[in-house]
Amino acid sequence: MVGLNQGHLMSGTVEVVCGPMFSGKTEELIRRVRRAQIARQKVQIFKPAIDDRYHETDVVSHSSLAVTAQPVAKSAEILERLYDSTRVVAIDEIQFFDEAIITVVKKLARRGIRVICAGLDQDFTGSPFGPIPALLCMADRVDKIQAICTVCGAPASKTYRKDPDSTEQVLVGETDLYEARCRTHWDYADEDEDLLAFSFPLNSTANKRPEMMNDNA
Ligand SMILES: [Zn+2]
């Protein structure tokens with residue numbers, strides 16, 4: 001590498017690819033990894049060990065593109081497993097990592113590494129997911145990509161959970177429990193709850209609004 005512009009080469013970057021489930025985040029991560037590999041850059045791919053769907057060591061998108069990834073139990077392991085020659089680090093399902101992932105990503109970028117992060121920006125309630133807000137803030141480049149609403153076919157930025165009884169933030173690998181939805185068709189579950197909040201107990205006639213009593217007559 002002697003004679004090359006080391007200063008330029010050593011400039012790290014942080015990229016975040018986010019969006020709802022089924023938006024193609026992993027495909028985009030794999031696409032960027034493949035391009036880096038074509039450019040003969042040493043790439044390492046990590047994913048949280050919690051995500052064991054499909055295959056133990058592959059990052060597999062829903063369209064079955066696959067690249068080999070190292071599962072890690074916690075974010076600090078990424079630094080421990082890093083090779084000196086690595087130029088690009090890709091991290092899939094980054095929303096499942098602990099908060100320490102933010103420091104890890106910073107350290108990687110400071111070493112001159114291009115860091116590509118992919119993950120869910122929101123959970124099914126629309127709340128920011130884990131370390132994602134901080135990562136979006138520190139990123140040099142952010143791509144928020146959309147899926148297609150399963151109800152109306154519009155661009156979808158929300159993940160809708162079909163099972164209303166579950167209390168988990170995300171059921172890992174249970175992709176049939178989720179759908180991508182546009183804001184309108186994601187919102188309607190909340191709207192139902194709002195309506196319930198304004199209605200009265202069914203067995204109490206004392207509290208019923210006049211129009212409801214008329215309906216029952
Ligand atoms: Zn829709």
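Alanine 90 stands opposite isoleucine 116 in strand 7. Strands and helices here are DSSP runs, numbered from the N terminus: E over at least two residues for strands, H or I over at least four for helices. The model is predicted: local features need pLDDT of at least 70, side-chain atom pairs count only at pLDDT 80 or more, and totals for chains, interfaces and linings use all residues. Residue numbers start from 1 along each chain as its sequence is written.

First, the confidence. pLDDT is the predictor's confidence in each residue, on a scale from 0 to 100. Its mean over the chain is 81, and 69% of the residues reach 70 or more. Two stretches stay under 50. Residues 1-7 form one of them, with two contacts beyond four places in sequence. Residues 196-217 form another, with five such contacts. A contact means that two C-beta atoms, placed from the backbone, lie within 7 Å.

Now the overall layout. The chain has seven helices and twelve strands. Of its 217 residues, 32% are buried. Burial is a count of other C-beta atoms within 10 Å of a residue's own, all placed from the backbone: 20 or more is buried, 12 or fewer is exposed, and in between is partly exposed. Among contacts with a separation of 6 or more, 72% join residues 24 or more positions apart.

Six strands form an open sheet in the order 5-2-6-7-1-8, with parallel pairing. Strand 5 (70-72) and strand 8 (141-144) are the edges, each pairing on one side only. Pairing requires at least two DSSP bridges between two strands. Neighbouring strands of the sheet are turned by 20 degrees against each other on average, direction ignored. Strand 1 and strand 7 run parallel, joined by seven bridges. Cysteine 18 has glycine 119 of strand 7 as its bridge partner. Strand 6 also runs parallel to strand 7, through four bridges. Strand 7 is mostly covered, with seven of its seven residues buried.

What packs on this sheet? Helix 2 does, touching strand 1, strand 2, strand 6 and strand 7. Its direction makes about 165 degrees with that of strand 7. Helix 4 lies across strand 1, strand 6 and strand 7, at about 155 degrees to strand 7. These angles run from 0 to 180 degrees between N-to-C directions, using lines fitted to C-alpha atoms, for helices over the stretch in contact.

Which residues of helix 4 are buried? They are Ile101, Ile102, Val104, Val105 and Leu108. They sit on the same side of helix 4, because they cover an arc of only 160 degrees around its axis. That arc is taken from the directions between the helix axis and the C-beta atoms. Their cover includes strand 1, helix 3 (76-80), strand 6, strand 7 and helix 5. Threonine 103 also lies in helix 4. It is partly exposed, because 14 other C-beta atoms lie within 10 Å. The C-alpha atoms of threonine 103 and leucine 135 are separated by 9.8 Å, though 32 residues apart along the chain. Just after helix 4, glycine 112 takes a positive phi of about 90 degrees.

The core comes next. In soluble globular proteins, nonpolar side chains tend to be buried together. A nonpolar core here is a set of buried Ala, Val, Leu, Ile, Met, Phe, Trp, Tyr and Cys residues joined through C-beta atoms within 7 Å. The largest has 42 residues, and Val89, Ala90, Val105, Val115 and Cys117 touch the most other members. Strand 1 (13-19), helix 2 (25-38), strand 2 (43-48), strand 6 (88-91), helix 4 (101-110), strand 7 (114-120) and helix 5 (132-138) each supply at least two residues of this core. Beyond its neighbours within four places in sequence, cysteine 117 is in contact with Glu15, Val16, Ile91, Ile94, Val105 and Leu135.

Proline 128 lies between strand 7 and helix 5. It is partly exposed, because 14 other C-beta atoms lie within 10 Å. Leaving aside neighbours within four places in sequence, proline 128 is in contact with Asp121, Gln122 and Pro133. The C-alpha atoms of proline 128 and glutamine 95, 33 residues apart along the chain, are separated by 9.3 Å.
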